[in-house]
Amino acid sequence: MQMPSTRRIRQVLAVVIVTTSVALVAAILFRQFRSTPPETASKPISPEIDMSISRLNFSEMRGNDKLWDLTAERADYDKETGTAKLAGVKTEIFGGKAGGLIITSETGSYLEEQHLVTMQKNVRAVTRKGMTFTTEQLEYRSVPGLVVSNHPVKVVDGRLTLTAQGMEMSLHDEKARFRGSVEAVVEGIHGKN
């Protein structure tokens, strides 16, 4: 038997090395094209949003007393303006003559510097005593303890149903002032102001 020449061995080794290299490159390319793209966020975040939270719970305290709670299903916070845009909002206010108030809405915002909660779309507020009012926009100003609406509002308290163009209610003494044309209906009695 005759030994293969060294030249022939080199040619076979070169063919094996080239074939292995081509197979390796093909395997890498095949894997790149088959891999799934990275998962993207479900909702694009605007560039001015510094932080987005899927569930927000915020409370304001004075000493050991809790003044109010803010809960939102989603909050997008802009650090530069100090504004949080909210969705699925619930504000629970404690104390005052009314004994507290729970306000819910579809959307809203919180201005950190002014301690101002603005609630929008299907706003519904219920006092601990059972008085309800509905409107499309409502502001809660925590420092003076005011609830203000510059939109039409409907108030139901026992036998009284009242509609007005706006309202302002102090939570400390539960006094409300209504704006614009006011129509009140008491069960069995109708009156206009």
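These are my notebook entries on a predicted model, taken in the order in which I looked things up.

**Entry 1**
I began with helix α1, which spans residues 6-34 and contains L13. On the surface I found a nonpolar patch formed by I9, L13 and I17. Together these residues have about 290 Å² of accessible area.

**Entry 1. The core.**
I next asked which residues touch the most other members of the largest nonpolar core. They are W68, L70, L86, L101, I103 and F133, in a core of 31 residues. I then looked up the strands behind this core: β3 (65-78), β4 (83-94), β5 (100-111), β6 (116-127), β7 (132-141), β9 (153-157), β10 (160-164) and β11 (166-170) each supply at least two of its residues. The largest share, six residues, comes from β3.

Leaving out residues up to four places away in sequence, L70 touches L56, N57, F58, L86, V89, K90, T91, Y110 and V117.

I traced the pairing onward from β3. Strands β3 and β4 run antiparallel and are joined by ten bridges. Y77 has A84 in β4 as its bridge partner. The two strands form a hairpin with four residues between them. In that turn, G82 has a positive phi of about 70 degrees.

Between β4 and β5, also antiparallel, I recorded eleven bridges. Here F94 stands opposite G100 in β5.

I then turned to β7, which pairs with β9 in the antiparallel sense over three bridges. F133, listed above among the core residues, stands opposite V155 in β9. V155 also stands opposite L162 in β10. The pairing of β9 with β10 is antiparallel and covers five bridges. Their hairpin has two residues between the strands, and G158 takes a positive phi near 65 degrees there.

**Entry 2. A loop residue.**
I looked up V143, which lies in the loop between β7 and β8 (146-149). Is V143 buried or exposed? Its relative accessible area is 57%, so V143 is exposed. I also noted that the C-alpha atoms of V143 and L67 are separated by 9.9 Å, although the two residues are 76 residues apart along the chain.

**Entry 3. Salt bridges.**

- D69 and K66 form a salt bridge, their closest N and O atoms being 3.4 Å apart. D69 is buried at a relative accessible area of 16%, whereas K66 is partly exposed at 37%.
- R128 and E92 meet through their side chains at 2.6 Å, N to O. R128 lies in the loop between β6 and β7 and E92 in strand β4, so this pair ties together parts that are 36 residues apart in sequence. R128 counts as partly exposed at 45% relative accessibility, while E92 counts as buried at 18%.
- K129 and E174 meet in a salt bridge of 3.5 Å, N to O. The pair links distant parts of the chain, 45 residues apart: K129 is in the loop between β6 and β7, and E174 is in the loop between β11 and β12 (175-179). K129 counts as exposed at 58% relative accessibility, and E174 is partly exposed at 22%.

Conventions. Residues numbered from 1 in each chain as written. Predicted model: local features only at pLDDT ≥ 70, side-chain atom pairs only at ≥ 80, totals over all residues. Heavy atoms only, no water. Patch = residues over 30% accessible without salt bridge, like charges linked within 9 Å, V, L, I, M, F, W, Y side chains within 5 Å. Areas by Shrake-Rupley, 256 points an atom, 1.4 Å probe, with all protein chains shown as cover. Salt bridge = Lys/Arg side-chain N within 4 Å of Asp/Glu carboxyl O. Core = buried A, V, L, I, M, F, W, Y, C linked by side-chain atoms within 4.5 Å. Buried < 20%, exposed > 50% of the residue type's maximum accessible area, 1.4 Å probe, protein only. Contact = heavy atoms within 4.5 Å. Pairing = 2+ DSSP bridges.
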